[in-house]
Amino acid sequence: MRPTEILMVEHRVIKQVLSCLKEMARQTVKSGSLSRPMAEKVIDFIRTFADHCHHEKEETHLFAIMEARGFSRYQGPTAVMRQEHDFGRNCVKQMVAAMAGASAGEKASVSAFVENANLFADMLFSHIEKEDTRLYPMANNILSADDQKGLLDAFHKVEEHDVAHGTHEKYLAIADELADFYGIPKADHTAAIVCDDTMGCGGCGGH
Ligand SMILES: [Fe+2]
Ligand SMILES: [Fe+2]
């Protein structure tokens, strides 16, 4: 499996949670208050699975090697992707700031939460589409077989060393719990595990 295919499987799980977030925003507008426990689950998923795990693989490893092979760090496709990650981080910060007030039904906080949730989800849906259809094919065109192997090893290290063992599986379960709650179809994420037996660790399930 190529590194970009791993990222594309993760995209499917992230899109599942973005659909849940959109539905949460819709229900919040309808009822006039936010379900705080569900919002906390979505924010936790976004911060850990989407930002810490997935975006780290992109920013620290995939974009970095693309930039080492000729893409500009300051303008061009990887620079735009980094800017969009930052835009998303700001939306999440605003959602967290509005969470307590929105769950208490304060109008301004409900509006702030809903507005940032929709901005974040719409931006990330389109960001993912750009990565899947344009950025990742560009990466596969310029990266050598050794680069691809190095990336796979780096992704493996993100899962094995940068986050606690079992974290990936825990967040796949949260994504499915949210989908069940909001009636969103579940994505196929059977391949969303970075390490497998070829990496010599017995798979993430064996951690
Ligand atoms: Fe990205
Ligand atoms: Fe991505």
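**View 1. Pro-137 in helix 4.** Pro-137 is found in helix 4, in a model that is predicted. Helices here are DSSP runs of H or I with at least four residues, numbered from the N terminus. Pro-137 counts as exposed because it has 11 C-beta neighbours inside 10 Å. The scale runs as follows: 20 or more other C-beta atoms within 10 Å is buried, 12 or fewer is exposed, and in between is partly exposed, with C-beta atoms placed from the backbone. Pro-137 and Thr-4 are 133 residues apart along the chain, yet their C-alpha atoms are separated by 8.5 Å.

Residues are numbered from 1 along each chain as its sequence is written, while chains are lettered from A and ligands numbered from 1 in the order in which they are written. In this predicted model, local features need pLDDT of at least 70 and side-chain atom pairs count only at pLDDT 80 or more, whereas totals for chains, interfaces and linings use all residues.

**View 2. Arg-134 in helix 4.** Helix 4 covers residues 107-142 and holds Arg-134. How many C-beta neighbours does Arg-134 have inside 10 Å? There are 11, so Arg-134 counts as exposed. From C-alpha to C-alpha, Arg-134 and Pro-77 are 9.0 Å apart in space and 57 residues apart in sequence.

**View 3. Helix 1 and its end.** Helix 1 spans residues 3-31, which is 29 residues. From its first C-alpha to its last, helix 1 reaches 42 Å, close to the 42 Å expected at 1.5 Å a residue. The expected span is 1.5 Å times one less than the number of residues. Just after helix 1 comes Gly-32, with a positive phi of about 85°.

**View 4. Helix 1 against helix 6.** The two axes come within 9 Å and cross at roughly 40°. Axes are lines fitted to C-alpha atoms, for helices over the stretch in contact, and angles run from 0 to 180 degrees between N-to-C directions. Helix 1 passes helix 6 in a left-handed crossing (the near helix is turned anticlockwise from the far one by less than a right angle; clockwise would be right-handed). Helix 1 brings residues including Val-13, Val-17 and Met-24, and helix 6 brings Leu-172 and Tyr-182 among them. Contact means C-beta atoms, placed from the backbone, within 7 Å. By class, the contact has 9 nonpolar residues, 1 polar and 1 charged. Nonpolar covers Ala, Val, Leu, Ile, Met, Phe, Trp, Tyr, Cys and Pro; charged covers Asp, Glu, Lys and Arg; the others, Gly among them, are polar.

**View 5. Helix 2 against helix 6.** Helix 6 (residues 167-182) packs with helix 2 at an angle of about 140°, their axes 10 Å apart. The pair is therefore oblique. Angles under 35 degrees count as roughly parallel, over 145 as roughly antiparallel, 65 to 115 as roughly perpendicular, and the rest as oblique. The crossing is left-handed. Phe-45 and Phe-49 of helix 2 are among the contact residues, as are Ile-174 and Phe-181 of helix 6. The contact divides into 10 nonpolar, 3 polar and 1 charged.

**View 6. Helix 2 against helix 3.** Helix 2 (residues 36-68) and helix 3 (residues 77-103) have axes that come within 11 Å and cross at roughly 165°. That makes the pair roughly antiparallel. Residues that meet include Ile-43 and Phe-63 in helix 2, and Met-81 and Val-92 in helix 3. This contact has 10 nonpolar, 4 polar and 8 charged residues.

Notes: Helices (H or I, at least four residues) and strands (E, at least two) are DSSP runs, numbered from the N terminus. Two residues are in contact if their C-beta atoms, placed from the backbone, lie within 7 Å.
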